[in-house]
Amino acid sequence: MSATTPGLVCGHHHLYSALARGMPAPPQQPTDFLSILQQVWWRLDAALDLEMLRWSAMLGALEALQCGTTAIIDHHEGPNAIDGSLQVIADACEEVGVRVVCAYGVTDRWQDDGTLWADEHVPPPSMTDAARRGIAECERFVASGGRGMVGIHAAFTCSDETLVAAAGAAHDLGVGVHVHVAEGSIDAAAGARLQRLATDDWLLVHCVHLDRDLPGTIAHNPRSNMNNAVGYARPARRANAVVLGTDGIGADMLEEFRLAYVAHRADDVTASPDAAWRWLSNGWELMPEAKTDTVTWNYDHVDSPWHVAFTPGIRAIDVRRAGGEVLLHDGTPTRVDANEVVAKAAEQAARLFARL
Ligand SMILES: [Zn+2]
């Protein structure tokens with residue numbers, strides 16, 4: 001029985017989306033996964049500037065810390081504010097006291113003439129300027145000492161040329177690729193297109209409709225998958241290591257664990273919470289330094305999957321680093337003023353919503 005754990009790890013996040021909640025309704029009601037991307041996320045990420053991104057990342061990092069999540073593997077997109085964006089995210093996380101691995105998710109969906117690639121059935125034909133700048137942003141960030149990966153949005157919005165270039169850049173930098181894989185059926189060709197490129201250090205996000213095995217770690221995001229009605233990913237069937245992510249919907253990893261368990265259970269009534277607990281714990285394989293952080297919780301059985309699976313609302317009280325620095329005291333962050341972060345984020349959300 002213990003009321004402490006190491007810092008938890010969010011294996012797939014989008015800190016840029018922390019301001020999205022409450023955004024104006026899209027012009028048309030999305031009716032499937034692709035139209036959710038087009039109507040919500042691709043409009044939102046195109047409207048971001050670096051000041052909005054800074055406060056979105058500050059808010060996302062603050063909310064992570066308050067949930068006992070001390071490490072985030074982030075995937076960023078913002079086609080009109082690419083240069084310098086990964087440093088903005090890294091700086092915001094450092095300011096709050098959360099560890100982060102940054103990646104810019106490259107894509108050819110925005111053509112060089114500024115229009116969206118219109119044919120959903122075939123990928124864009126060639127590498128765009130935006131994809132080149134996205135890869136350059138990852139290269140610049142990692143080469144300057146940042147902890148990063150090379151990001152790819154998804155195979156279906158990238159030309160083969162871009163997939164090869166991103167994989168090559170990651171190989172040259174000695175880091176993995178962080179990519180959405182077959183999240184919806186629209187990306188069902190991802191397995192075939194990535195097969196010759198993927199390596200063990202890749203982070204493969206979702207894999208709901210993946211038709212083959214690829215090397216790498218799978219990031220399972222049960223809440224997001226339910227929210228987008230893309231189907232159940234069935235991560236237990238895969239031989240890969242699996243980690244849990246939120247896909248941008250906060251960073252409450254005990255909550256995501258409970259959802260992962262109950263989604264597994266809905267698919268297989270013999271499932272136990274041990275599987276989802278293993279997925280949560282696998283986050284420490286990707287970010288081992290989170291194990292040196294200590295989180296004190298308001299619940300005595302926080303090390304027991306069977307207890308946590310049936311106890312909603314467990315809260316982090318204190319978070320401290322190995323050297324003794326307290327990052328969260330009695331639910332309050334020590335490095336930043338939570339009220340100020342929330343107020344500034346609200347100001348930037350208002351600017352963002354006005355652009356939408
Ligand atoms: Zn995602």
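Modeller: Asp330 is exposed, with 8 other C-beta atoms within 10 Å. Keep in mind that the model is predicted.

Biologist: What is the phi of Asp330?

Modeller: Phi is positive there, about 55°, although Asp330 is not a glycine. Most residues other than glycine have a negative phi.

Biologist: Which loop holds Asp247, and is Asp247 buried or exposed?

Modeller: Asp247 lies in the loop between β10 (242-244) and α8. Asp247 has 26 other C-beta atoms within 10 Å. Buried takes 20 or more, so Asp247 is buried. Phi of Asp247 is near 60°, again a positive value in a residue other than glycine.

Biologist: How do you know that Pro79 is buried?

Modeller: By the count: 21 other C-beta atoms lie within 10 Å of Pro79. The threshold is 20 or more, so Pro79 is buried. Pro79 belongs to the loop between β3 (69-74) and α3 (85-96).

Biologist: Which residues is Pro79 in contact with, leaving aside its neighbours within four places in sequence?

Modeller: Asp45, Ala46, Trp110 and Ala130. Leu48 is 31 residues from Pro79 in sequence, and the two are 8.2 Å apart in space, C-alpha to C-alpha.

Biologist: Now the helices. What makes α4 and α5 roughly parallel?

Modeller: Helix α4 (residues 129-143) and helix α5 (residues 160-173) pack at about 5°, with axes 10 Å apart. Angles under 35 degrees count as roughly parallel. The pair is therefore roughly parallel. Ala131, Ile135, Cys138, Glu139 and Val142 of α4 meet Thr162, Ala165, Ala166, Ala169 and Leu173 of α5. By class, that contact has 8 nonpolar, 1 polar and 1 charged residues.

Biologist: What makes α8 oblique to α9?

Modeller: Helix α8 (residues 253-267) and helix α9 (residues 273-281) pack at about 140°, with axes 8 Å apart. That angle makes α8 oblique to α9. The contact includes Phe257 and Tyr261 of α8, and Trp277 and Trp279 of α9. By class, the contact has 10 nonpolar, 1 polar and no charged residues. The crossing of α8 and α9 is right-handed.

Biologist: How many residues has the largest nonpolar core, and which have the most contacts inside it?

Modeller: The core has 106 residues, and Ala61 and Ile89 have the most contacts inside it. Helix α2 supplies the largest share of this core, 10 residues. Leaving aside its neighbours within four places in sequence, Ile89 is in contact with Leu15, Leu53, Ala57, Asp74, His76, Val100 and Cys102.

Notes:
Residues numbered from 1 in each chain as written. Predicted model: local features only at pLDDT ≥ 70, side-chain atom pairs only at ≥ 80, totals over all residues. Core = buried A, V, L, I, M, F, W, Y, C linked by C-beta atoms within 7 Å. Buried ≥ 20, exposed ≤ 12 C-beta atoms within 10 Å, placed from the backbone. Helix = DSSP H or I, 4+ residues; strand = E, 2+ residues; numbered from the N terminus. Contact = placed C-beta atoms within 7 Å. Axes fitted to C-alpha atoms, helices over the stretch in contact; angles between N-to-C directions. Parallel < 35°, antiparallel > 145°, perpendicular 65-115°, else oblique. Left-handed = near helix turned anticlockwise from the far one by under 90°. Nonpolar A, V, L, I, M, F, W, Y, C, P; charged D, E, K, R; others polar.
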